[in-house]
Amino acid sequence: MNFFYIIQAKKLKQILLIATLAFITAWVFYLQDTINATVFSTTNGPKAVYKGEKDLALTFNIGWGDEKAEPILDQLKKENVKAATFFLSGSWAERHPHIVERIVKDGYEIGMLGYNYKDYSVIEDKEIVRDISKAQEAFKKLNIKNIELLRAPTGHFDKRLLEIGARFGYTIVHWSVDSKDWTNPGVETIVANIEKAKKGDIVLLHASDSAKQTVVALPSILQAVNAKNLKLVTVSEMIANASVKSEEIK
């Protein structure tokens, strides 16, 4: 009888071990699915650009604020930066037409950041379409034509935005290096985050008022870029006639 109980105990341990391994395997597959939801293209469909193959693209998001955009433009001019891409929300552009005009005059590229800085991953398709359409009208009134680049306002998006953007004729642009400047972690941290950049990277910066340290960090950022002999280009220049990287989004 004791032998029978020993056999039963061994079988129970085996069953528990198998069940545990099965649970771990299922959890790994679940995490993989979750991770895959953050990447940037549909199978054989529209793609979001987040990296090129050469040079470096500095991009600045502006969604709100009156104070930081012009000092950043001043600093870029002082540092003789000829190429950068500014992603603007339509509502901000309407309120600051003189700054939009200056961005164009200084030779920088303009991309669209929607109109009301909404999270496109949590609203319905029709709301995304309405927000983009409203932004188009805003830029049209400012005589800003031929915008070809669109960035999800909060950075969160799914395959719906890729498909909607394609219908509008936009290239969706993400980034490969995040400065995290909007968290105001300190100038040294912002610079360290961008020092990781390599050729082909698209760098995310902000010129909204929430990014209080960006303008101070810019000279060191540009010094780090120059030390790597990386040429600064607009996003459009980076992706023109070159290979770009994308990954599948569910």
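Which residues in H2 meet His 98, Ile 99, Arg 102 and Ile 103 in H4? Let's find out with a short tour.

Before you click, note that this is a predicted model, where local features need pLDDT of at least 70, side-chain atom pairs count only at pLDDT 80 or more, and totals for chains, interfaces and linings use all residues. Residues are numbered from 1 along each chain as its sequence is written, and side-chain values use heavy atoms, with hydrogens and water left out.

**Stop 1: the whole chain.** Show the cartoon: the chain has nine helices and eight strands, taken as DSSP runs (helices H or I, at least four residues; strands E, at least two) numbered from the N terminus. Of its 250 residues, 45% count as buried (under 20% relative accessible area, with a 1.4 Å probe and protein chains only).

**Stop 2: two helices.** Select residues 69-78 for helix H2 and 97-105 for helix H4; their axes come within 11 Å and cross at roughly 20°. Axes here are lines fitted to C-alpha atoms over the stretch in contact, with angles from 0 to 180 degrees between N-to-C directions. H2 and H4 are therefore roughly parallel to each other, a label for angles under 35 degrees.

Now show side chains. Ala 69, Glu 70, Leu 73 and Asp 74 are the H2 residues that meet those in H4, contact meaning heavy atoms within 4.5 Å.

**Stop 3: a loop.** Select His 174, in the loop between strand S6 (171-173) and strand S7 (177-178). His 174 counts as buried because its relative accessibility is 9%.

Terms used
Parallel < 35°, antiparallel > 145°, perpendicular 65-115°, else oblique. Buried < 20%, exposed > 50% of the residue type's maximum accessible area, 1.4 Å probe, protein only.
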